[in-house]
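Please look through the model before reading on.

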Amino acid sequence: MIKPIIEKEEINFYNLFLFIIHCIKKNFLKSFIGVAFFILSFFSGSPEFTTSVTFYTNYSEEKDSSFLSVLSRGFSGSSNNNLNFSITDYMQSDKFLQDVVSNEYLVDEEIITLIDLWGTGYDKVFSFNPLLTVFKINTLMKFSNFSSDYDKKSFIAKKYLSENISYEEDPDTNLHTISITSSQNQILSKMIIENIYLSLLKYSNEVTELKANEKKTFISGRLFEVKKKLTNAEESLIKFLSKNKNTESPKLIIEKDRLEREIILYTQLSLTLSDQYELASIEEKDNTSSLFVLDEPKISTIKSGMSLLKGTVYYYIFFKILFSIHYFYKKRNELIIL
């Protein structure tokens, strides 16, 4: 017999304990049936495996004590070869997704792009899963009248790719992990991960080259201005010395010193900018990678998701709580007496 847990706004903890024990015994069979469905799906469903690659972006090399290295650190502000863009933003960009899905892959001894592999059949909306059918119809209705078949297939392929890749970063060590979890061709997943890494590497090199080119252009303009001012300062000193053979007066001495200081200043600036220009030229041609692989792209030997033991325990507890709440709701009038 069920005894009230709450009576006259007072909780009877002993009756609460008895009710919990009662629920555990009563709902055992129902919970077991729920767990049985999980076990059935575990063995009947297609196994999923995760393919991943890990790499660093915070490589730091030892700098020598030369004048050029000091200028390099001063100009760049840091000695670390860190990326100049956000990997998260790049992986969400259309440039990245289009680059990966438009690459060619070897699938079942056939060279094919992900656009053709994943995008084909985008107009076939009917499926055994009613929710999937609704989503497909909704997607088709979103396409504009000007969208070509290639545009539609590209959209589907990029959407599928973005939904199946994950990216993590350790803020302390700058270790980055990119992975794909799929039940499809695992060799294909490995090739996709390799292309993802190459796309990141290529874009990183593009950014580095662009920044170096911009730096060269800026320094070149400043160097031209400084050399022009140096030439003018030298011509001013020549004219001054030609007009004033005797420079012993205080006024002429000060004027001569001022002109000589300008020449020294512009000479130093010219040398500094010339060194920086050479460093920028070296950086522009530098093909050193900004990404450093820790673990090469590989397929995990362990299935993704919960293990059989963990899933059994998890779902048993879940169904036990669910059925207990339902049972409590049914018996609420007997358990709570106001």
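Is the crossing of H5 and H9 left-handed or right-handed? The crossing of H5 and H9 is right-handed. A crossing is left-handed if the near helix is turned anticlockwise from the far one by less than a right angle, and right-handed if clockwise.

The model is predicted: local features need pLDDT of at least 70, side-chain atom pairs count only at pLDDT 80 or more, and totals for chains, interfaces and linings use all residues. Residues are numbered from 1 along each chain as its sequence is written, and side-chain values use heavy atoms, with hydrogens and water left out.

**Overall make-up**

The chain has twelve helices and nine strands. Helices (H or I, at least four residues) and strands (E, at least two) are DSSP runs, numbered from the N terminus. Of the 338 residues of the chain, 30% count as buried. Buried means under 20% relative accessible area, exposed over 50%, and partly exposed in between (1.4 Å probe, protein chains only). Take contacts between residues at least 6 apart in sequence: 75% of them join residues at least 24 apart. Contact means heavy atoms within 4.5 Å.

**Helix H5 and its two partners**

Two packed helices are described by the angle between their axes and the distance between the axes. Axes are lines fitted to C-alpha atoms, for helices over the stretch in contact, and angles run from 0 to 180 degrees between N-to-C directions.

Helix H5 spans residues 94–101 and helix H9 residues 186–243. Their axes come within 10 Å and cross at roughly 135°. That makes H5 oblique to H9. Angles under 35 degrees count as roughly parallel, over 145 as roughly antiparallel, 65 to 115 as roughly perpendicular and the rest as oblique. From H5, the contact uses Lys 95, Phe 96, Asp 99 and Val 100. From H9 come Ile 192, Ile 196, Ser 199, Lys 202, Tyr 203 and Glu 206. By class, this contact of H5 with H9 has five nonpolar, one polar and four charged residues. Ala, Val, Leu, Ile, Met, Phe, Trp, Tyr, Cys and Pro count as nonpolar, Asp, Glu, Lys and Arg as charged, and the others, Gly among them, as polar.

The axes of H5 and H8 come within 9 Å and cross at roughly 100°. H5 is therefore roughly perpendicular to H8. H5 supplies Asp 94, Leu 97, Gln 98, Val 100 and Val 101 to this contact. H8 supplies Tyr 150, Ser 154, Ala 157, Lys 158, Leu 161 and Ser 162. The contact of H5 with H8 has six nonpolar, three polar and two charged residues.

**Two residues of H8**

Lys 158 sits in helix H8, residues 149–164. Lys 158 is buried, at a relative accessible area of 14%. Beyond its neighbours within four places in sequence, Lys 158 is in contact with Asp 94, Leu 97, Gln 98 and Val 101.

Ser 154 also lies in H8. It is buried, at 2% relative accessibility. Not counting residues up to four places away in sequence, Ser 154 touches Gln 98 and Ile 115. Ser 154 and Ser 102 are 52 residues apart in sequence, yet 8.3 Å apart in space, C-alpha to C-alpha.

Two strands pair if DSSP finds at least two bridges between them.

Most residues other than glycine have a negative phi. The hairpin of E4 and E5 has two residues between the strands, and Asp 108 there takes a positive phi near 55°. Asp 108 counts as exposed, at 68% relative accessibility. The hairpin of E6 and E7 has four residues between the strands, and its Asn 174 takes a positive phi near 60°. Asn 174 is buried, with a relative accessible area of 19%.

**Met 91**

Met 91 belongs to helix H4, residues 87–91. At 8% relative accessibility, Met 91 is buried. Leaving out residues up to four places away in sequence, Met 91 touches Phe 96, Leu 97, Ile 165, Tyr 167 and Ile 178. The C-alpha atoms of Met 91 and Ser 166 are separated by 9.5 Å, at 75 residues apart along the chain.
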